[in-house]
Amino acid sequence: MIYTVTLNPALDKTVQIPNFRPGEVNRIAALRTDPGGKGINVSKVLHALAEPNVAAAILGGAAGQRIADALQAIGVEGLFLFTQHETRTNLKLISMGNCTSDIVFGRCCGLGHIIQACQFCCNCR
């Protein structure tokens, strides 16, 4: 069994705006929301390759619950420590010619949450 650990997970929202023009009204052609963060991304790939794994992460708030729900929906097993702090949300804008821009909201968890997560993982397995 492989365990991945994501200390700074994110709810990744990707919007596609074909001809983005700053300062003007722009129409979104497509919107996608995915659970993200380095370890979570690795767990999704491992799952797609039929490799048993557990995604461990510190999650919080509505965004954290959406990440947990999305991972469960695709069949990725999760081991989550829920905190009172909202999990960050990222916005990726894809425009003409697949030019991308990343806009990051939120913050990483603190050292106390990381220590608590380590203790939580050790006690659960």
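1. In this note, Ala, Val, Leu, Ile, Met, Phe, Trp, Tyr, Cys and Pro count as nonpolar, Asp, Glu, Lys and Arg as charged, and the others, Gly among them, as polar. The structure discussed here is a predicted model.

2. Start with the overall fold. The chain contains seven strands and three helices. Followed along the sequence, these elements come in the pattern β-β-β-α-β-α-β-β-β-α.

3. Next, the contacts. Of the contacts between residues at least 6 apart in sequence, 62% link residues that are at least 24 apart.

4. Burial and surface can be read together. The chain has 125 residues, and 34% of them are buried. Its accessible surface is about 7,600 Å², and carbon and sulfur atoms account for 57% of that area.

5. Now the largest pocket. The volume of the largest pocket is about 340 Å³. Its lining consists of 20 residues, and those that lie nearest the centre are Asp-12, Gly-37, Asn-41, Asn-90 and Lys-92. Two or more lining residues come from each of strand E2 (10-16), strand E3 (30-36), helix H1 (38-48), strand E6 (88-94) and strand E7 (100-104).

6. Which element gives the largest share of the lining of the largest pocket? That element is E6, with five residues.

7. Sorted by the classes in point 1, the lining of the largest pocket holds nine charged, seven polar and four nonpolar residues.

How values were computed
Residues numbered from 1 in each chain as written. Predicted model: local features only at pLDDT ≥ 70, side-chain atom pairs only at ≥ 80, totals over all residues. Heavy atoms only, no water. 1 Å grid on protein atoms, 1.4 Å probe; cavity = no way out; pocket = protein on both sides within 12 Å on 5 of 7 lines; lining within 4 Å. Points joined across faces, edges and corners; volume = space filled by probe spheres on them. Helix = DSSP H or I, 4+ residues; strand = E, 2+ residues; numbered from the N terminus. Buried < 20%, exposed > 50% of the residue type's maximum accessible area, 1.4 Å probe, protein only. Contact = heavy atoms within 4.5 Å. Areas by Shrake-Rupley, 256 points an atom, 1.4 Å probe, with all protein chains shown as cover.
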